[in-house]
Amino acid sequence: MYLKYFSNKNDYQVHFITNGGDSLERLKEINSLHFKILKFSTGISNIFQLANFYKEIKKYLIANKIDLVHSHHRFPEFILSTFANKLSIKTVFSPHGFVYGYKRFSFKSDLIISVSYSATKNLIDDYGVEVDKIRTIYNPVNKEQYDNESGTNNLKSKYSLPNDYKVILFMGRITLEKGYDTLLKAFIKVNEKFRKSFLILSGSDQTKNLIYKLTSDVNNIQFLQPGNNSEELFSIADIVVLPSRSDTFPFVMIEAGSFKKPFIGGNTGGIAEFIEDGKDGLLIDPENHEQLAERIIYLLNNPETGKIMGLNLHEKVKRLCNYNSYFCKVEKIYNSLITS
């Protein structure tokens, strides 16, 4: 979203430095974008790559006369902090999750954009970041997703789903932090009472053996690798569930709102901060799979209530997570730093 927004601005020259990834093909759709791949990795291998990364990124920034760098990973942010002042480069950092460790080396940027107030509290309480250095702005949803109501029957058949089945959707990393295990245990109970229910888990899966063990007696589950089909999955979903144990401000939550879908989330972090239980979603104890099963069954039995919650969440997302409003704020931050 950052690249698309600022590349369409004539008064910005946008450069994208990345470690790689499976989404680089999308960059071809963005005009006037300069990008470079600089390999680095987390963990012990950073020690061996640090010198080369330091040399290459510094060389690139000088050659292209960069005025401001916005980083989204702690390792590049640390490297930038070692020479940014000497080169008169302003720096912005956006942490996208709760962070731990490396206190001496973290959050040295000129300004931090925090995704939620719970994340801001983490920065202040655990890292001693000065309040004046933090701007708290909820993540945005692209306005083009609003009111996207594709026909669901054809899409359901694409995923081999009967039209009369109710679809429960989980999107995100399939990890314990995201509470996939609680959801699987809950769905077993849901499926016993609601035979025409189907669970789709879309996300990178690193624990397949445990998943199959937990769901060996349940057939109505489909695992999908993350791809470009998120809009289709949200369109066919009846309920979106993310029972996270820890989460700063998940995109899945606000994307559910953009598609007017009822959302159930873990009572933690940015989810509990954003969702008003019973009004624009439901909150559950991420360790309590029976409570989650009860909440899912309740929404399946009361679709009108779920529809109202989805509409309420939609209105909240439009108001607090507006795409243009978000980037107007970010643009002001950039300009204030560059002109200071």
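**Briefing: aromatic pairs, strands and loops**

Tyr2 and Phe327 are both buried (under 20% relative accessible area, with exposed meaning over 50% and partly exposed in between, for a 1.4 Å probe and protein chains only). The model is predicted: local features need pLDDT of at least 70 and side-chain atom pairs pLDDT 80 or more, while totals for chains, interfaces and linings use all residues. Residues are numbered from 1 along each chain as its sequence is written, and side-chain values use heavy atoms, with hydrogens and water left out.

**The chain as a whole**

- The protein chain contains 13 helices and twelve strands (DSSP runs numbered from the N terminus: H or I of at least four residues for helices, E of at least two for strands).
- Of the 340 residues in the protein chain, 49% are buried.
- Among the contacts in the protein chain with a separation of 6 or more, 61% are between residues 24 or more positions apart (a contact means heavy atoms within 4.5 Å).
- The protein chain has an accessible surface of about 17400 Å², and carbon and sulfur atoms contribute 49% of that area (Shrake-Rupley method, 1.4 Å probe; for residues, only the protein chains shown count as cover).

**Aromatic pairs and a charge over a ring**

- The whole structure holds 19 aromatic pairs (rings of Phe, Tyr and Trp, the latter by its six-membered ring, with centres within 6.5 Å; planes under 30 degrees apart are stacked, over 60 edge-to-face and the rest tilted).
- One of these pairs joins Tyr2 and Phe327 edge-to-face, at 5.0 Å centre to centre and 85 degrees between the planes.
- Because Tyr2 belongs to helix α1 (residues 2-7) and Phe327 to helix α13 (residues 323-338), their pair ties together parts that are 325 residues apart in sequence.
- Tyr5 and Tyr323 also form an edge-to-face pair, since their ring centres are 6.2 Å apart and their planes stand at 70 degrees.
- This pair likewise links distant parts of the chain, with Tyr5 in helix α1 and Tyr323 in helix α13, 318 residues apart.
- Tyr5 counts as buried because its relative accessibility is 9%, and Tyr323 counts as buried because its value is 7%.
- A cluster linked by ring pairs takes in Tyr2, Tyr5, Phe6, Tyr12, Tyr323, Tyr326, Phe327 and Tyr334.
- At Phe274, the charged end of Lys316 sits over the ring, 5.2 Å from its centre (NZ of Lys or CZ of Arg within 6 Å of the ring centre and within 35 degrees of the ring normal).

- Strand β4 (residues 90-93) pairs with β5 in the parallel sense over two bridges (DSSP must find at least two bridges for strands to pair).
- Ile112 in β5 is the bridge partner of Phe93.
- Strand β6 (residues 134-136) pairs with β5 in the parallel sense over three bridges, and Arg135 in β6 is the bridge partner of Ile113.
- From β5 the chain passes through helix α4 (residues 117-127) to β6 in a right-handed β-α-β crossover (with the strands pointing away from the viewer, the path from the first strand over the helix to the second runs clockwise).

**Positive phi in two loops**

- Ser88, which is not a glycine, has a positive phi of about 60 degrees.
- Ser88 lies in the loop between α3 (74-81) and β4 and is exposed, with a relative accessible area of 61%.
- Phe107, also a residue other than glycine, has a positive phi near 60 degrees.
- The loop between β4 and β5 holds Phe107, and Phe107 counts as buried at 4% relative accessibility.
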